[in-house]
Amino acid sequence: MTPIDLLIMAAGKGTRMKSSRPKVLHRLAGRALLQHVLDTGAQLAPRSAVVITGHGATEVEAAIARQTGAAAGFALKFARQMPQLGTGHAVQQAVPLLVQDDGTAVVLSGDVPLTEADTLRALVAASQGVDGGALALLTVTLPDPSGYGRIVRSAEGAVQGIVEHKDATESQRAITEVYSGILAVPSRLLAPWLARLTNDNAQGEYYLTDIVAMAVADGVPVAAHCIGDALQVAGVNSPLQLAELER
């Protein structure tokens, strides 16, 4: 079986939470948001989990190390993203901590707590089910896709890329299938793609989503595992959103 390594992005400041507590340590049903993500990821029996920290890094690392404990069954590691220059930059910090590049990297968001383990298993299967491996994206169709990266497909339905909301044209903004922020990819493919990222975009950031176009250009299959349950990919950016998920 191909080993699984979790890469969990948890560096954001969470300004809209209006709290001194790091966003990923806010509690949902009695557990930190980040702990929900780690606990779900643990059900994939990963070899390791690399948590990418930034804002409140010392506090986040101490809390998660304490809660996860030695009995987790996987190696828990931390990478720091200082400063925060985008999602691609975040994952760049984690890749050097992978034991080796023979596994499947599963990229998760530390503020998206309700993804189900079966959904992640299906995503991993989509990545591992192709000779040589595929880049598998977890997508969802939303009635209001504002703010999300849109899944751009060819006339035949093949995924061509992801366009971030701020960089999208009017026609692209009409697309309702969006990227959840969660993906699975062979680690040996991920590192070279990350090395090619640039920040030539409206945000001036290194977007992880730019690896999709690279995969297409390199002839690597791109699979979109689309789910209908938007709650599974709902993130927490404000006290209101946290209250909605708690409810």
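Which residues lie nearest the centre of the largest pocket? They are Lys23, Thr87, Ser109, Asp111 and Asn237, out of 45 lining residues.

## Basis of the model

This is a predicted model, in which local features need pLDDT of at least 70 and side-chain atom pairs count only at pLDDT 80 or more, while totals for chains, interfaces and linings use all residues. Residues are numbered from 1 along each chain as its sequence is written, and side-chain values use heavy atoms, with hydrogens and water left out.

## The largest pocket

The largest pocket holds about 1600 Å³ of space. A pocket is found on a 1 Å grid over the protein atoms alone, as an open set of points with protein on both sides within 12 Å along at least five of seven lines; a cavity is a set of points where a 1.4 Å probe fits but cannot get out, and lining residues have an atom within 4 Å of a point. Grid points are joined across faces, edges and corners, and a volume is the space filled by probe spheres set on the points.

The lining of the largest pocket comprises 17 nonpolar, 20 polar and 8 charged residues. In this division Ala, Val, Leu, Ile, Met, Phe, Trp, Tyr, Cys and Pro are nonpolar, Asp, Glu, Lys and Arg are charged, and the others, Gly among them, are polar. At least two lining residues come from each of β1, α3 (87–94), β10 (177–186) and α8 (239–246). Helices (H or I, at least four residues) and strands (E, at least two) are DSSP runs, numbered from the N terminus.

## The largest cavity

There is 1 cavity of 30 Å³ or more, and the volume of the largest cavity is about 50 Å³. Its lining consists of His36, Val37, Thr40, Leu108, Ser109, Val112, Pro113, Thr115, Leu120 and Ile182. Of these residues, 6 are nonpolar and 4 polar, with no charged residues.

Both α1 and β6 supply at least two residues of this lining, and α1 gives the most, with 3 residues. Ser109 also belongs to the group nearest the centre of the largest pocket.

Strand β1 (residues 4–10) is largely enclosed by the rest of the structure, because 7 of its 7 residues are buried. Buried means under 20% relative accessible area, exposed over 50%, and partly exposed in between (1.4 Å probe, protein chains only). Ile4, Leu6, Ile8 and Ala10 point one way from β1, Asp5, Leu7 and Met9 point the other way, and all are buried. Strand β6 (residues 104–109) is mostly covered, with 6 of its 6 residues buried. On one side of β6 lie Thr104, Val106 and Leu108, and on the other Ala105, Val107 and Ser109.

Strands pair if DSSP finds at least two bridges between them. β1 and β6 pair in the parallel sense over 6 bridges; Val106 is the bridge partner of Leu6, and Leu108 that of Ile8. β1 is also joined by 6 bridges to strand β4 (residues 48–53), again running parallel, with Leu6 opposite Ala49. β6 and β10, by contrast, run antiparallel and are joined by 4 bridges; there the bridge partner of Ala105 is Val185.

Helix α2 (residues 57–68) has 12 residues and spans 16 Å from its first C-alpha to its last, close to the 16 Å expected at 1.5 Å a residue. The expected span is 1.5 Å times one less than the number of residues. Ala57, Val60, Glu61, Ala63, Ile64 and Thr68 are the buried residues of α2, and they pack against α1 (33–42), β4 and β5 (75–80). After α2 comes Gly69, with a positive phi near 75°.

Ala94 is in helix α3 and counts as buried, at 0% relative accessibility. Beyond its neighbours within four places in sequence, Ala94 is in contact (heavy atoms within 4.5 Å) with Leu7, Val50, Ile52 and Ala79. Ala94 and Ile52 are 42 residues apart in sequence and 6.6 Å apart in space, C-alpha to C-alpha.

## The loop between α6 and α7

Gln203 lies in the loop between α6 (187–195) and α7 (211–217). With a relative accessible area of 38%, Gln203 is partly exposed. Gln203 and Gly56 are 147 residues apart in sequence and 23 Å apart in space, C-alpha to C-alpha.
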